[in-house]
Number of protein chains: 2
Amino acid sequence: MTTPPLRVAAVVFPGFEVLDLFGPIEMLWMPKDVFPISIVAERRGEVASAQGVKVIADYAFSEATEFDIVLVPGGRGTRTEVSNPVILDWLRLVEPRARFVASICTGSALLAKAGLLDGQRATSNKNAFDWVVTQGPHVHWVREARWIEDGKYFTSSGVSAGMDMALGLIERILGRESSAQVARWAEYTWHSDSTQDPFA
Amino acid sequence: MTTPPLRVAAVVFPGFEVLDLFGPIEMLWMPKDVFPISIVAERRGEVASAQGVKVIADYAFSEATEFDIVLVPGGRGTRTEVSNPVILDWLRLVEPRARFVASICTGSALLAKAGLLDGQRATSNKNAFDWVVTQGPHVHWVREARWIEDGKYFTSSGVSAGMDMALGLIERILGRESSAQVARWAEYTWHSDSTQDPFA
């Protein structure tokens with residue numbers, strides 16, 4: 001049973017992909033006061049995305065460890081972060097208390113490298129799939145999926161798929177009527193069938 | 001004739017909508033080095049979005065006035081900004097040199113209030129349409145459109161429609177093959193017909 005509000009940690013790191021993160025943030029923000037969002041990073045302050053736009057991290061990993069939902073974007077920065085023990089240790093630390101752990105695009109490489117997806121079904125984006133797979137040899141990688149739900153893990157395909165997955169997460173928590181309403185507010189044509197992957 | 005690179009001003013103000021801005025930024029970033037993007041605001045530094053996430057403005061309006069493309073998001077902050085002469089004057093100042101001026105969602109209220117859309121066809125999002133119309137009584141408002149192209153002006157419907165419009169802008173500048181490629185990279189199902197509006 002999940003009772004709102006559900007605190008969301010939106011993770012950022014140098015070279016994160018803007019749409020990976022801001023698509024889901026937009027969707028989660030729409031059911032008012034249900035999903036309070038914090039931006040969390042290795043250090044507080046400015047973090048530059050892959051697109052060059054800089055965002056402000058509200059909290060450092062060391063000062064924020066209790067969240068109901070953890071949201072991990074992809075982007076070229078994941079290539080560096082898979083070797084960063086600070087982010088991997090934090091993911092391992094917050095995972096047991098989180099009700100849901102969600103990744104977009106190559107964000108699943110970070111969850112896999114942290115060992116969190118071992119034995120789970122998961123997906124990632126198309127262009128980097130072969131690299132992502134090497135980060136988690138014990139993960140059941142699924143190449144054709146808009147997103148995958150396996151227990152508390154939600155992993156999405158590339159970039160835009162994160163919005164579809166976020167709506168799937170809203171459906172899981174608040175029901176189909178709420179997720180459909182959010183899609184209408186966002187004027188977003190929701191690909192609501194997670195198994196239908198137009199880019200496979 | 002438009003020759004890359006085309007410098008993009010992505011405008012932010014307190015209460016801007018994150019997906020309005022970051023959807024188009026993601027799309028414009030993908031054709032490498034064609035659309036260098038600057039975040040521009042009334043003042044340099046932190047600007048909080050409607051969703052609470054803070055971004056960094058690279059330039060103040062007073063120090064950045066030459067752009068090829070101006071991108072104006074919506075969000076609840078537009079209700080305040082339509083009465084802010086600083087942003088309206090800046091829009092009037094940069095418009096003559098800009099090859100394209102694009103707005104997402106209620107961003108068209110700002111262009112309208114600045115007088116830039118007088119005599120032009122334009123659209124906006126569904127939920128705030130009646131308010132937006134009052135900001136530009138001499139604009140030919142179109143209620144049913146995913147986005148509208150009228151000369152150098154591109155105006156989109158609500159939130160997610162900005163991504164479709166951005167791909168339309170990429171098509172206009174770089175051709176259909178490039179815009180279709182960007183949509184594939186972003187794993188985004190492009191609504192490429194601007195007249196088809198699933199939310200009208």
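How many salt bridges does the rule find across the interface of chain B and chain A? The model is a predicted one, and in it the rule finds 4. One of them joins A:Glu187 to B:Lys126. The closest N and O atoms of that pair lie 3.5 Å apart.

Polar contacts cross the interface too. There are 16 such residue pairs between chain B and chain A, both residues at pLDDT 80 or more.

Now take the side of chain B that touches chain A. Four elements of chain B each give at least two residues to this side: α1 (18-29), β4 (54-57), α6 (161-174) and α7 (176-185). The largest share comes from α1(B), with 8 residues. By kind, the residues of this side split into 21 nonpolar, 9 polar and 10 charged.

Step back to the whole contact. Chain A brings 40 residues to the contact, and chain B brings 40 residues. Together the two chains bury about 3100 Å². Carbon and sulfur atoms account for 61% of that area.

Next, look inside chain A, at helix α6.

Is α6(A) mostly covered or mostly uncovered? It is mostly covered, with 11 of its 14 residues buried. Among the buried residues are A:Ala161, A:Gly162, A:Met163 and A:Asp164. A:Leu167, A:Ile170 and A:Ile173 are also buried. Just past the end of α6(A) comes A:Gly175, which takes a positive phi of about 100 degrees.

How values were computed. Residues numbered from 1 in each chain as written. Chains lettered and ligands numbered in written order. Predicted model: local features only at pLDDT ≥ 70, side-chain atom pairs only at ≥ 80, totals over all residues. Heavy atoms only, no water. Contact = heavy atoms within 4.5 Å. Buried area = accessible area lost by both parts, 1.4 Å probe. Salt bridge = Lys/Arg side-chain N within 4 Å of Asp/Glu carboxyl O. Polar contact = N/O pair within 3.5 Å; in protein donor to acceptor, adjacent residues only side chain to side chain. Nonpolar A, V, L, I, M, F, W, Y, C, P; charged D, E, K, R; others polar. Buried < 20%, exposed > 50% of the residue type's maximum accessible area, 1.4 Å probe, protein only.
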